[in-house]
Amino acid sequence: MKYLHTMVRVKDLDASLDFYVNKLGLQEVSRAENPAGRFTLVFLTAPKDVEQARAEKAPMVELTYNWDPEDYTGGRNFGHLAYAVDDIYAACERLQAGGVTINRPPRDGRMAFVRSPDGISIELLQAGPALEPREPWASMPNVGSW
C-alpha cells in the first residue's frame, strides 16, 4: 500500500488555487475537466515531490470543483493535511503576508495551523528539529479553530 492523494472539495476553484499554489506554495501537476460529470479535478503537490508526483501520481492533493453550486460543511471533520517546511517562521510570514490567518502560530518553532478558503485545516511542521522559539510567534495566541 502507498499513499496516493487526499481529495478536498472546493467551492471556488480560483480562491482555492490562490491559497494552495500562490500562498501555501504547492505546484499544479495535472488537471482534468469532465463536462459530462460537471466537475474539474486539479492535482497539486509540494515542490520537493513534483518529480515523484508526475512519475507515480503520488503524493498529491486533489482539489475537486463541482460546477454546480453546493455547500460543504465540516471541513475539519476529515482531519487535516500536513506538510513539512524548511523554515516554519518564513512559511508563516509568507502566508500571513498573503492575507492568511495563522490559526495556531508556531510558538514552539515546530508546528502551525492555517485554514484554506474552504475551512480545510492545514498543519505546517518544521522539517528536522524545531527552531528556537522567537517573537512575534512565541507570544501569539491561537485564533479561531484549527
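**Strand pairing, helix packing and local backbone features**

In the predicted model described here, A84 stands opposite L125 in β7. This pair belongs to the pairing of strand β5 (residues 80-85) with β7, in which six bridges join the two strands and the strands run parallel; two strands are taken to pair if DSSP finds at least two bridges between them. Helices (H or I, at least four residues) and strands (E, at least two) are DSSP runs, numbered from the N terminus. The model is a predicted one, in which local features need pLDDT of at least 70 and side-chain atom pairs count only at pLDDT 80 or more, whereas totals for chains, interfaces and linings use all residues. Residues are numbered from 1 along each chain as its sequence is written, and side-chain values use heavy atoms, with hydrogens and water left out.

Strand β7 is also joined to strand β6 (residues 111-115), by five bridges and in an antiparallel arrangement, and within this pairing L124 in β7 is the bridge partner of A112. The two strands β6 and β7 form a hairpin with five residues between them, and in the turn G119 has a positive phi of about 85°. Because five of its six residues are buried, β7 is largely enclosed by the rest of the structure; here, buried means under 20% relative accessible area, exposed means over 50%, and partly exposed means in between, as computed with a 1.4 Å probe on protein chains only.

Helix α3 (residues 88-97) has I88, Y89, A91, C92 and L95 among its residues, and these five are buried. They cover an arc of only 160° around the axis, which puts them on the same side of α3, the arc being that of the directions from the helix axis to the C-beta atoms. In general, an α-helix has 3.6 residues a turn, so residues three or four places apart point the same way. The buried residues of α3 pack against α1 (13-23), β5, β6 and β7, where contact means heavy atoms within 4.5 Å.

The side chain of T40 makes a polar contact with the side chain of E33 at 2.9 Å and another with the side chain of W67 at 2.8 Å. A polar contact is a pair of N or O atoms within 3.5 Å; within protein, one must be able to donate a hydrogen and the other to accept it, and residues adjacent in sequence count only if both atoms are side-chain atoms. When residues up to four places away in sequence are not counted, T40 touches L13, R31, A32, E33, L63, T64, Y65 and W67.

Several backbone features lie in loops. R38, in the loop between β2 (27-34) and β3, has a positive phi of about 60° although it is not a glycine, and at 38% relative accessibility R38 counts as partly exposed. In the loop between α2 and β4, K57 likewise has a positive phi, near 60°, and K57 is exposed, with a relative accessible area of 55%. A cis peptide bond with omega of about -10° joins A58 and P59, and P59 is found in the loop between α2 (50-56) and β4 (60-66). A cis peptide bond also joins E135 and P136, with omega of about 5°, and P136 lies in the segment after β7 (121-126).
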